[in-house]
Amino acid sequence: MIKLSDLGQVYIVCGKTDMRRGIDTLASMVKDKFNLNPFSGQVFLFCGGSQDRFKALYWDGQGYWLLYKRFENGKMNWPKNQDEVRELSPEQVDWLMKGFSIEPKISEATARNFY
């Protein structure tokens with residue numbers, strides 16, 4: 001399995017992205033909509049509406065990689081805010097790839113039992 005956080009800093013583009021978009025359109029979106037540099041060597045993640053697949057855009061210094069992954073079982077817990085991009089820690093990337101939220105919440109009942 002490819003560990004995305006080993007490639008560079010990972011950013012998640014929140015909300016739904018049209019998964020028919022290719023390298024040029026995704027790179028343009030990173031630059032124009034979020035004012036980030038798509039040639040930075042960072043990884044940018046995009047997800048469609050079904051949340052069972054994503055694309056990762058990565059510049060390696062010589063060209064772009066466009067990685068596509070579809071989960072056979074389960075879905076990712078993808079943030080919904082369409083106008084937001086977030087920087088993820090390596091731990092958050094791992095959580096996302098396992099289907100967990102990047103912002104785990106402890107329920108009040110669980111917190112009470114902990115103390």
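Modeller: Please do; note that this is a predicted model. Let us begin with N73, which is placed in the loop between β4 and β5.

Colleague: What makes N73 an exposed residue?

Modeller: The relative accessible area of N73 is 72%. Exposed means over 50%, so N73 is called exposed. In space, N73 lies 8.1 Å from D52, C-alpha to C-alpha, and the two are 21 residues apart in sequence.

Colleague: Which residues of helix α2 are buried?

Modeller: Helix α2 covers residues 90-97, and its buried residues are Q92, V93, L96 and M97. Buried means under 20% relative accessible area.

Colleague: Why are the buried residues of α2 said to line one face of the helix?

Modeller: Seen down the axis of α2, they fall within an arc of 135°, and therefore they line one face. In general, an α-helix has 3.6 residues a turn, so residues three or four places apart point the same way.

Colleague: Against which strands do the buried residues of α2 pack?

Modeller: They pack against β1 (10-13), β2 (43-47), β3 (53-59) and β5 (85-88). After α2 comes G99, whose phi is positive, near 90°.

Colleague: What is known of the lining of the largest pocket?

Modeller: The largest pocket has a volume of about 220 Å³. Its lining includes F54, Y68, V93 and M97, and β4 (64-70) and α2 each supply at least two of the lining residues. By class, the lining has 8 nonpolar, 1 polar and 3 charged residues.

Terms used. Residues are numbered from 1 along each chain as its sequence is written. This is a predicted model: local features need pLDDT of at least 70, side-chain atom pairs count only at pLDDT 80 or more; totals for chains, interfaces and linings use all residues. Side-chain values use heavy atoms; hydrogens and water are left out. Buried means under 20% relative accessible area, exposed over 50%, partly exposed in between (1.4 Å probe, protein chains only). Helices (H or I, at least four residues) and strands (E, at least two) are DSSP runs, numbered from the N terminus. The arc is that of the directions from the helix axis to the C-beta atoms. Contact means heavy atoms within 4.5 Å. On a 1 Å grid over the protein atoms alone, a cavity is a set of points where a 1.4 Å probe fits but cannot get out, and a pocket is an open set with protein on both sides within 12 Å along at least five of seven lines; lining residues have an atom within 4 Å of a point. Grid points are joined across faces, edges and corners, and a volume is the space filled by probe spheres set on the points. Ala, Val, Leu, Ile, Met, Phe, Trp, Tyr, Cys and Pro count as nonpolar, Asp, Glu, Lys and Arg as charged, and the others, Gly among them, as polar.
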